[in-house]
Amino acid sequence: GKRIWSWHDGGSLGSLEHGNHISPNLVDGKLIYSANAKLVAFDPRTGKELWRNSPDDWQNGGHGSTSPVAVRMGDESAIVQMRYIHRASDGTVICPSKLDIWGILTPIVEDGVVFNPCRWRGFQDPLSFIAVKLPAGVGAGAKVETILDLDGKDVAVPARPNGPAFTVASPLYVDGVVYSIEMSGGLTAVDTAARKTLYRQRLDGYNRYNRFIYGIAASPTLAGKNIYITDDAGYTHLLAPGPQFRELGRNILENIHISGLGGNPCKQESFYTSPFFEGTCMYLRGEEYLYCIREE
């Protein structure tokens, strides 16, 4: 419980419009941290800054909440962060990621392929789905290869009339299918091998959308054979993975929290984090309480 070090460098790095929700990462003995379009590496034992990079482009600024993802490219480690891929040893930009992330989700990596179900194509076009294969190494001339680029008309859930689609949750990869959920409850399942959408479905829960209420922020989570999706008012859907939408059950944690700041219409406690599973226990952090749900 004793603080070892803290780092401010004469002040914080600042934050963007939606604050900073980025998770740090450990890569090759370095603590990787990002805030306000800056990527920084520290010595985790001392807090000494080892390197810093801040590519100057609009998308790298983004919404300030895409966490750095550690990947292997050949014999070296790299970091996928927003618009670029960085060399872990010194922070140098290797090449553009081509992900064009819209929202604040963190993309996922499976077998050297990075998946982004929320690709920005402009305000007039629906969000599309892209998968890129990482380069074989970090040397000069390295480039990602686009291996899947599905049009938004075929993969996006149509936006509700009171606001555009926006994604907070990271996607989930299960047996070749990528499941993604946007903030108003639109669930999409994409078969990456067949290169097609399996289904697009709005969840029938408390999820909703307005400019200040994020209906679903927690990422879909696989536990055992089931997928768990919890909305911001404590409504959890249990889904079966597979080519058809199949809901196995649902559960509601409904604590009326009078002083809650989440903006839920009936003062329900807010839930923005994904559940964590350990053994027979499921842990879920709400705005007011930490819950443990387990098999007896």
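Trainee: Does Phe-276 count as buried or exposed?
Mentor: This is a predicted model, in which local features need pLDDT of at least 70 and side-chain atom pairs count only at pLDDT 80 or more, while totals for chains, interfaces and linings use all residues. Residues are numbered from 1 along each chain as its sequence is written, and side-chain values use heavy atoms, with hydrogens and water left out. Buried means under 20% relative accessible area, exposed over 50%, and partly exposed in between (1.4 Å probe, protein chains only). With a relative accessibility of 51%, Phe-276 counts as exposed.

Trainee: In which strand is the place of Phe-276?
Mentor: Strands are DSSP runs of E, at least two residues in length, numbered from the N terminus. By this numbering, the strand that spans residues 276-278 is β23. The place of Phe-276 is therefore in strand β23.

Trainee: What accessible area do Phe-276, Tyr-283 and Leu-290 have together in their nonpolar patch?
Mentor: Such a patch joins nonpolar side chains (Val, Leu, Ile, Met, Phe, Trp, Tyr) within 5 Å, from residues with over 30% relative accessible area and no salt bridge. A salt bridge is a side-chain nitrogen of Lys or Arg within 4 Å of a carboxyl oxygen of Asp or Glu. Accessible areas come from the Shrake-Rupley method with a 1.4 Å probe, and for residues only the protein chains shown count as cover. Together, the three residues of this surface patch have an accessible area of about 330 Å².

Trainee: Which residue in the hairpin of β23 and β24 takes a positive phi?
Mentor: Two strands pair if DSSP finds at least two bridges between them; β23 and β24 (residues 281-285) have 3 bridges and pair in the antiparallel sense. Phe-277 stands opposite Met-282 in this pairing. The hairpin has 2 residues between the strands, and the positive phi, near 65°, belongs to Gly-279.

Trainee: Which residue in β25 is the bridge partner of Tyr-283?
Mentor: β24 is also joined to β25 (residues 290-294), by 5 bridges in an antiparallel arrangement. These two strands form a hairpin with 4 residues between them. Within β25, Tyr-283 has as its bridge partner Cys-292.

Trainee: In the hairpin of β3 and β4, which residue of the turn has a positive phi?
Mentor: β3 (residues 38-42) and β4 (residues 49-53) run antiparallel and are joined by 4 bridges. Leu-39 has Asn-53 in β4 as its bridge partner. The hairpin has 6 residues between the strands, and a positive phi of about 85° is found in the turn at Gly-47.

Trainee: Which strands stand at the edges of the open sheet of 4 strands?
Mentor: The order in this sheet is β13-β14-β15-β16, with antiparallel pairing. An edge strand has a single partner strand, so one of its sides is left without a neighbour in the sheet. The strands in this position are β13 (172-174) and β16 (196-202).

Trainee: By what angle are neighbouring strands of the sheet β13-β14-β15-β16 turned against each other on average?
Mentor: Axes are lines fitted to C-alpha atoms, and angles run from 0 to 180 degrees between N-to-C directions. For this sheet, with direction ignored, the average is 20°.

Trainee: Which residue in β15 stands opposite Tyr-179?
Mentor: β14 (residues 177-181) and β15 (residues 186-191) pair in the antiparallel sense over 5 bridges. In β15, the residue opposite Tyr-179 is Ala-189.

Trainee: How far apart in sequence are the parts tied together by Asp-100 and Arg-83?
Mentor: The closest N and O atoms of this salt bridge are 3.6 Å apart. Asp-100 counts as buried at 19% relative accessibility, whereas Arg-83 is partly exposed at 27%. Asp-100 lies in the loop between β8 (93-96) and β9 (108-110) and Arg-83 in the loop between β6 (76-81) and β7 (84-87), so the tied parts are separated in sequence by 17 residues.

Trainee: Which residues are linked with Arg-83 and Asp-100 in a network of salt bridges?
Mentor: The count of salt bridges comes to 10. The network holds Arg-83 and Asp-100 together with Arg-119, Arg-121 and Asp-149.

Methods. Patch = residues over 30% accessible without salt bridge, like charges linked within 9 Å, V, L, I, M, F, W, Y side chains within 5 Å.
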